[in-house]
Amino acid sequence: MQATEVVLPAVGEPESLELRVRDLPTPGPGQALVRVEASGVTFAEQQMRRGKYYDMPKFPFVPGYDLVGVVEQLGSPESGPVAVGQRVAALTKTGGWADRVLLDAADLVPVPEGITAVEAETLVTNGATAWRMLFRTAKVRSGDTIVVHGANGGVGSVLVQLARSSGIHVIGTASARNQEAVAAMGATPVDYRGDVLTRVRELAPRGVAAVFDHVGGKGIEDSWRMLAPGGTLVSYGSASTRDQTGSGTITVLKLVAKLAVWNALPNGRHAHFFNLWAGKARHARRYRAELGEDLSRIFGLLRSGAIEARIDRVYPLQEAAAALRHAESGTVVGKVVIAPGAGQAG
């Protein structure tokens, strides 16, 4: 069996991506061969092509943080709760930008009928991140008010939808052109180019229960100031430093250190740096169980219509460079998806 893959050979522009074909071995015990139907473009790939992602492999490698596909072969009949012919989702961190992949069957989460591969793909990394930050990290409850930075983006739009479906009030930052879309999801839009802290204090004079910040940089201090007593700041990225030179690892470590200092202050507020992969290495069985539980709930909300899949654009595998370039354009609303079976983008 052969696989066509997109390879990131070294630090470079999106156009440096290469296409290769290689032979895949037969699935071994506990493995599954998955025909990929959709994979996503995330901030991780944007950082990886700059050599700045804090936990990236050595070059060259195949990017692709997650995927949705169909099981073609199993290495053993008892390879987890999946069967040949079943549509599944998986978090991969790397390797998803291919038309076929070999994965551990235990890492696969069944996708229910009634959901397309592209729809499901918008909610794998983004949905798992949003759900865990809302309900496992910040433990936000119905009636609370939260701030979501980048409310029109991939993770941000899912955060808004999940929160609103649970009766949580949302203040969402976005550019002026995206505020209508943010309002349509049920959030109160705030222009991120303005005085966000002052506007949030006007809308929530007592502070908010949680702030979800993927931007980092100096603005993280304003996010901390928005919190009510007992509130939680969840930092899950440093987008403001994307184009800066220097080590991505050092940037993350500085951010984590700052949050640790704030978290130690005796004011009842909490600060967390969210890592989607935390716990997998040491508690793999529990991690997989929780991920399967979370994704199943999210897929259920999608199928019921409580949330929607926000798809910005779909690109074929051969146009991965264009997909990555578009994802970095600052114009994206929702998720940029790479679908190996898609026609050429126009």
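Is His169 buried, partly exposed or exposed? I looked it up: His169 comes out as partly exposed because its relative accessible area is 43% (buried is under 20%, exposed over 50%, partly exposed in between, with a 1.4 Å probe and protein chains only).

Ground rules, for my own use. The model is predicted, so I take local features only at pLDDT of at least 70 and side-chain atom pairs only at pLDDT 80 or more, while totals for chains, interfaces and linings use all residues. Residues are numbered from 1 along each chain as its sequence is written, and side-chain values use heavy atoms, leaving out hydrogens and water.

**His169 and its strand.** I found His169 in strand 9 (strands are DSSP runs of E, at least two residues; helices are runs of H or I, at least four; both are numbered from the N terminus). Setting aside residues up to four places away in sequence, His169 touches Gly143, Asp144, Thr145, Ile146 and Arg164 (contact means heavy atoms within 4.5 Å). I also checked Asn263: it sits 94 residues from His169 along the chain, with 24 Å between the C-alpha atoms.

Next I traced the open sheet, where 6 strands run in the order 10-9-8-11-12-13 with parallel pairing (two strands pair if DSSP finds at least two bridges between them). Strand 10 (188-191) and strand 13 (270-273) are the edges, each pairing on one side only. From one strand to the next the twist averages 15 degrees (angles run from 0 to 180 degrees between N-to-C directions, and axes are lines fitted to C-alpha atoms, for helices over the stretch in contact). Strand 9 (residues 169-174) is joined to strand 10 by 4 bridges, and I noted Thr188 of strand 10 as the bridge partner of Ile171. Helix 6 (residues 196-203) packs on this sheet and touches strand 8 (145-148), strand 9, strand 10 and strand 11 (208-213). Its direction makes about 155 degrees with that of strand 10.

**Strand 1.** I then went to the start of the chain. Strand 1 (residues 2-7) is mostly covered, with 5 of its 6 residues buried. Strand 1 pairs with strand 2 (residues 18-23) in the antiparallel sense over 6 bridges; there, Val7 has Glu18 as its bridge partner.

**Helix 3 and its two partners.** Helix 3 (residues 125-137) packs against helix 4 (residues 154-165) at about 50 degrees, axes 9 Å apart. That makes helix 3 oblique to helix 4 (under 35 degrees is roughly parallel, over 145 roughly antiparallel, 65 to 115 roughly perpendicular, the rest oblique). On the helix 3 side the contact includes Trp131 and Met133, and on the helix 4 side Val155 and Leu159. I count by class 10 nonpolar, 4 polar and no charged residues (nonpolar: Ala, Val, Leu, Ile, Met, Phe, Trp, Tyr, Cys and Pro; charged: Asp, Glu, Lys and Arg; polar: the others, Gly among them).

With helix 9 (residues 284-304), the angle of helix 3 is about 100 degrees and the axes are 10 Å apart. The two are therefore roughly perpendicular. Arg132 and Arg136 of helix 3 are among the contact residues, as are Glu290 and Asp294 of helix 9. The class tally here is 7 nonpolar, 1 polar and 6 charged.

**Tyr236.** Last entry: Tyr236 lies in the loop between strand 12 (227-235) and helix 8 (248-263). I log Tyr236 as buried because its relative accessibility is 17%. Beyond its neighbours within four places in sequence, its contacts include Thr129, Met133, Val155 and Leu159. Met133 is 103 residues from Tyr236 in sequence, yet 8.9 Å away, C-alpha to C-alpha.
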